[in-house]
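Trainee: Could you pick one part of this protein and take me through it closely? I'd like to see which side chains hold on to which, and where they sit.

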Amino acid sequence: MLLIVVMFAVNSLVAFGGGNQCFQQDDLPNMFKNLEFIHPPFKSVTSLGPIDCARQCKLHTLCYFVNFNIETLNCSLISDTGDYRRLNPVSVMIYVKSWNENILRTCKNHQCPNNTVCKENNSGFDCQPIGCTGIPQVPNINVTSFTSKVLWDFNEVVEYACIRGRFAATNVTCTSNGFWSNVDCIQYTKCSNTRICSEMQSKDFWLYLSTFNSRRKVFCSFTGISNAAMYISLPEYNTASTPIYTRNGTSCELIEATDPSTFSMGYTDFKKIRNIISGKIKTTGRMYANSSFSLQDYGRAGDCYAGNDSDVCGVIGHFIIDLRGTGFKINSTAKWKTWGTDGVIQNITWSDDGRVIEGFCGGNCGGCEPDGELVLEADYTDQPANDSAELPICKFPLR
């Protein structure tokens, strides 16, 4: 590890040590004049000289090397044992681990933990905490964050304490007893979790949804400090309609309605659908939907065109549910029922993979709508791209 060994005479060490620095030459191997170890110290102290500097290092189990500054008497305690050195005309670098334990007196052969220093007392010695080391034994902890420093100071906060996709509800700090504060790395399971560690943002996130026992892509919509709603972004075309046309008698000619609002006629294209944590779709609502005339409910279709003889001209009410690219699909138990006057279901078809449902319904104003709630299930073979949503990472809680 060390290429050059420089041994100093006793008198020369005493001269730049400043104080009583007498020692046995055999106790002091591996001293390197005009060199310094370039790794940052975990602690810096003022010493009487190189021997006192080395002794203070050996009081710390964490310490392997010291850099002693001849001019300032500063003693830098370093834990890294790699061979990274550079020239410094006022420095003495010492590999302290090779030194004899006799310089420690009462603390000789102490086995204090890495985050402590050996302190002599009347009955022997104590191991006094100087900070925190190591990694909390907690699942999903971010090991890289905790190992980024050899020794953490008291009250210092660890950034990014948990792996991406989990968060710590409170700051993880080094306490005065040398232990980390309690930490639990929690899954992001709802939209409100995303603003614990960052500013409120309406966007697509990957959240762990217990209903599906997996991480799902959802859009979090924030409309106020306390209002957070969960949606599913729809990459494909989704629509529902009660067209604004009627017909006259047995003629199949389309006649535009004079007042479409009377019969809640209209067309709605959906950019997102409301998803609730229980895994059911909220089919009503104006958010993230573009409508002409009256807003239509998701999965619903009808008309005032078919009349009571839909076999003559057919129906023109139409809906499309297309969940391709969302990672969801409608549970296959979903059914539709008729509504209104002379409501009729002409045809409802499902794609082979179950991701697309298309329906044609009508009546004398009537049509079809879901019979009960539309329940989602996870589609594990049609997952959205990982980069299409953000997997949250928590630097530290904002509160």
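**The charged network and the ring pairs**

Mentor: The structure holds 14 salt bridges, counting a side-chain nitrogen of Lys or Arg within 4 Å of a carboxyl oxygen of Asp or Glu. Keep in mind that this is a predicted model, where local features need pLDDT of at least 70 and side-chain atom pairs count only at pLDDT 80 or more, while totals for chains, interfaces and linings use all residues. Residues are numbered from 1 along each chain as its sequence is written, and side-chain values use heavy atoms, with hydrogens and water left out.

Let's zoom in on arginine 355. Its side chain meets that of aspartate 379 in a salt bridge, at 2.6 Å from N to O. The partners come from distant parts of the chain: arginine 355 is in the loop between β24 and β25 (356-362), and aspartate 379 is in the segment after β27, 24 residues apart. Strands here are DSSP runs of E, at least two residues long, numbered from the N terminus (helices are runs of H or I, at least four). Both arginine 355 and aspartate 379 are buried, which stands for under 20% relative accessible area, with exposed meaning over 50% and partly exposed in between (1.4 Å probe, protein chains only).

Arginine 355 also has a salt bridge to the side chain of aspartate 382, at 3.8 Å from N to O. With arginine 355 in the loop between β24 and β25 and aspartate 382 in the segment after β27, this pair ties together parts that are 27 residues apart in sequence. Aspartate 382 is buried, as is arginine 355. Take a step back, and salt bridges that share partners join Asp353, Arg355, Asp379 and Asp382 into one network.

Look for aspartate 379 in the segment after β27 (374-378). Arginine 216 is 163 residues away from aspartate 379 in sequence, yet their C-alpha atoms are 9.8 Å apart in space.

Now for the rings. Those of Phe, Tyr and Trp (its six-membered ring) pair if their centres lie within 6.5 Å; planes under 30 degrees apart are stacked, over 60 edge-to-face, and the rest tilted. By this rule, there are eleven aromatic pairs. In one of them, phenylalanine 319 and tryptophan 336 are stacked, 5.5 Å centre to centre with 10° between the planes. Phenylalanine 319 and tryptophan 336 are buried.

Tryptophan 336 pairs with tryptophan 350 too: their ring centres are 6.4 Å apart and their planes at 80°, so this one is edge-to-face. Tryptophan 336 lies in β23 and tryptophan 350 in strand β24 (residues 344-350), so the contact ties together parts 14 residues apart in sequence. Tryptophan 336 is buried because its relative accessible area is 12%, whereas tryptophan 350, at 30%, is partly exposed.
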